[in-house]
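Subject: Structure handover, with notes on what was found

Dear colleague,

I am passing on the structure below, together with notes on what came out of going through it. Please read the notes alongside the coordinates.

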Amino acid sequence: MSKKDLPNYPGVRPHGNGIQIEVRYKGRRLRPTLKMAPTRSNLRLAISVRESIRRDIVVGNIDINKYFSDTKIAEHFEQKYSSRLTVSELLDDWFERNKNIGNSSHERSIQINKHLKPHIGKIRITELKPKHVRTMQQKLAENIANKSINNALTPLRKAFSEAFNDELIDRNVLERVENLDIQKKKVAPLTFEQADSVLEFMKRVPDHHNFYQFALWTGLSTGEQLGLKWSDVDFEENNITINRMWVSGKGRRPTKNKKRIRKLGLIQPAIDALLRQRGLQYNSEWVFINSDNVEKTLDEDLKPWSSEKIARPWNAALKALSFPALSAYSTRHFYASIMLSAGMSMEWLKEKMGHSNYRMLEEVYASWVKISAKERKKIREWVLEWSQNGHIPDADREYFE
């Protein structure tokens, strides 16, 4: 019988002329190979051995030498084991066990491999000192914001907390390292004129131009816009339904909360962008697909941009025009500020943006952008036309009398 014909069991598999089992002990993944021929009966026996080991680990009655006396496994758990374990190894093990938890494994991978490992990865976990971490914080501060540094420490803190609980270390040095102070700086979004300049700059690439004109005049988050399908668009009523997000590295996801599931009427600039995008005739269910892949991908396999990639033309435009550096997400801030400056009510805007409360609207957006009477009139005319489809609450109709 060939190995491919053998049954597949969790944590038990044929390996060479033996059977490999997998268990976790003190934060470490062990994969010893039992000297048993990989037959059906021996695989079932290996399952029993694995379950016995796991039961002993749970009740705290494990005798490593009882099971692994003829392997190198036992020596890993002598006193010298933890003294050899490096920060990189600890982080790799922690990441492997947590990579499928939540939606941020891609971000955690960057934090570990780009920020943590280069600075402290080679240090043994028993030799890591608070001064090592603080030095790393100082070095990272030369290139990234304090908030990003604090976020990067999160997987390190969790890994060391587990190592302490598993008795791999006698003390958790991360408990003696404080997060850096974060000074919240309110950066105003683009003005009406700046937004026009950015869109004019982007006209050289239709996909980029359409994406950001739609973003600026709908207030969708990047993930919500990337998650838009043509089936969500009603060209007769000129509205869209938002009920999913596209998250880089994870694909489609539900919206962040129920408030974010909503129907949004489209004002003229957003309608124009959508019509131009449809005119590009990409045969994909998704509205804003990665056009870089059009030539080398089957139509049915075309997928949305990653948030990182679609941010590049935005960043390039701001830099070329010497405008302040703003994230692509600031298109949402632009929309909110412009609408409030045009006289739209808090209630109206809260519903359109999917906010659960008024805090962001009151504390931030309302104070950012002041627009001219001409611009205010233009926006109010756009929204008035939109209101003919019934998307303006009765409380706001006074703005259009």
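Trp286 has a relative accessibility of 1% and therefore counts as buried, the term being used for residues under 20% relative accessible area, with exposed meaning over 50% and partly exposed anything in between (1.4 Å probe, protein chains only). This is a predicted model, in which local features need pLDDT of at least 70 and side-chain atom pairs count only at pLDDT 80 or more, while totals for chains, interfaces and linings use all residues. Residues are numbered from 1 along each chain as its sequence is written, and side-chain values use heavy atoms, with hydrogens and water left out.

The charged end of Lys229 sits over the ring of Trp286, 4.9 Å from the ring centre, where sitting over a ring requires NZ of Lys or CZ of Arg to be within 6 Å of the ring centre and within 35 degrees of the ring normal. By the same criterion, the charged end of Arg204 is placed over the ring of Phe201, at 4.0 Å from its centre.

As for aromatic pairs, a search of the whole structure finds nine; rings of Phe, Tyr and Trp (its six-membered ring) pair if their centres lie within 6.5 Å, and planes under 30 degrees apart count as stacked, over 60 as edge-to-face and the rest as tilted. One of them joins Phe211 and Phe288, whose ring centres are 5.3 Å apart and whose planes stand at 85°, so this pair is edge-to-face. It links distant parts of the chain, since Phe211 lies in helix H9 (residues 206-216) and Phe288 in the loop between helix H11 (268-279) and helix H12 (307-320), 77 residues apart; helices (H or I, at least four residues) and strands (E, at least two) are DSSP runs, numbered from the N terminus. Phe211 and Phe288 are both buried. The rings of Trp246 and Trp286 also form an edge-to-face pair, because their centres are 5.0 Å apart and their planes are at 70°. Here too distant parts of the chain are linked, with Trp246 in strand S8 (residues 245-247) and Trp286 in the loop between H11 and H12, 40 residues apart. Trp246 is buried, with a relative accessible area of 14%.

Leaving aside neighbours within four places in sequence, Trp305 is in contact (heavy atoms within 4.5 Å) with residues including Asp207, His208, Leu226, Trp246, Phe288 and Ile310. The C-alpha atoms of Trp305 and Leu226 are separated by 6.9 Å, although the two residues are 79 apart along the chain.

Turning to helix packing, the axes of helix H13 (residues 330-341) and helix H14 (residues 346-353) come within 10 Å and cross at roughly 155°, which makes H13 roughly antiparallel to H14. Axes are lines fitted to C-alpha atoms, for helices over the stretch in contact, with angles running from 0 to 180 degrees between N-to-C directions; angles under 35 degrees count as roughly parallel, over 145 as roughly antiparallel, 65 to 115 as roughly perpendicular and the rest as oblique. The contact is made by Arg332, Tyr335, Ala336, Met339 and Leu340 of H13 and by Met346, Trp348, Leu349, Lys352 and Met353 of H14. The buried residues of H14 are Trp348, Leu349, Lys350, Lys352 and Met353, and just after H14, Gly354 takes a positive phi of about 75°.

The axes of helix H4 (residues 87-98) and helix H7 (residues 146-165) also come within 10 Å, crossing at roughly 95°, which makes H4 roughly perpendicular to H7.

Most residues other than glycine have a negative phi. Asn238, which is not a glycine, has a positive phi of about 55°; its place is in the loop between strand S6 (233-234) and strand S7 (239-242), and at 24% relative accessibility it counts as partly exposed. Ser322 has a positive phi near 60°, lies in the loop between H12 and H13, and at 67% relative accessibility counts as exposed.

For the chain overall, there are 16 helices and 10 strands, and buried residues make up 45% of the 401 residues.

Best regards
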